[in-house]
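Hello,

Here is the structure you were waiting for. Please open it first, then read my notes below.

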Amino acid sequence: MNRANAPNAPPRTYLRSSYHLDLGQEALQRNWSLYRRRRHREAGSRQRPAGAHLVEWTDAIDVVCGKCRKRLGRCVAFRSEPGFYGLVEDHPRWAAPLRMWLAPAGETAARPRWLWFEGDGPLALAHFRCGRCRQAFAPRNADRLAATAFEDQLRELVIS
Ligand SMILES: [Zn+2]
């Protein structure tokens, strides 16, 4: 497991926390991607709007295929004020409508995603797929997976 000071650790991200009205998977992914495009002001208010929830973010985490060791991509983990954890892809591009994140579209697309989500909040399932060895991993509960990544400040997450 790479810690923050590991030599090849993924780059730090600098958004430590933000406020969000919508804690759905799609909304958090869109807001994170906007932040990564440096449109900070759109990424989440720094002052708590009425009814908003605090979300705390980790640094980027390399996600690695447990079968062939390919680096699949990068995530960030979060802890939300209601008490659940989750993951979003650490990527500035976000254009896919929600259905693109669901398993059937991801599995059958010409270039299937390495990560997609099903559901929201503490029940969200994270689906991982390796483009090199074609391993499609059993869906993981994003809350439990992200809780470990968040609390242990992981910089690498091996999916097996
Ligand atoms: Zn693989």
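A residue is called buried if 20 or more other C-beta atoms lie within 10 Å of its own, exposed if 12 or fewer do, and partly exposed in between; the C-beta atoms are placed from the backbone. Keep that rule at hand for what follows.

Two ground rules come next. Residues are numbered from 1 along each chain as its sequence is written. This is a predicted model: local features need pLDDT of at least 70, side-chain atom pairs count only at pLDDT 80 or more, and totals for chains, interfaces and linings use all residues.

**Overall**

The chain has 4 helices and 9 strands. Both are DSSP runs, numbered from the N terminus: helices are H or I with at least four residues, strands are E with at least two. Their order along the sequence is β-α-α-β-β-β-β-α-β-β-β-α-β. Of the 160 residues, 33% are buried.

Contacts are worth a look too. Two residues are in contact if their C-beta atoms, placed from the backbone, lie within 7 Å. Take the contacts between residues at least 6 apart in sequence: 61% of them join residues at least 24 apart.

**Confidence**

The predictor's confidence in each residue is the pLDDT, from 0 to 100. It averages 84 over the chain, and 79% of the residues score at least 70. Residues 98-108 fall below 50; this stretch has 16 contacts in the model beyond near neighbours in sequence. Where pLDDT is low, the predicted coordinates should not be read in detail.

**A sheet**

Strands count as paired if DSSP finds at least two bridges between them. Strand β7 (residues 125-128) is joined to β8 by 2 bridges. There, A126 stands opposite R140 in β8.

Which loop holds Q153? Q153 sits between α4 and β9 (156-159). Q153 is not a glycine, yet its phi is positive, about 50°. Q153 counts as partly exposed because it has 13 C-beta neighbours inside 10 Å.

R69 lies in the loop between β3 (61-65) and β4 (71-80). R69 also has a positive phi, about 75°, without being a glycine. R69 has 11 C-beta neighbours inside 10 Å, so it counts as exposed.

E151 belongs to helix α4 (residues 142-151). E151 is exposed because it has 12 C-beta neighbours inside 10 Å. E151 and A77 are 74 residues apart in sequence, but 9.6 Å apart in space, C-alpha to C-alpha.

Best wishes
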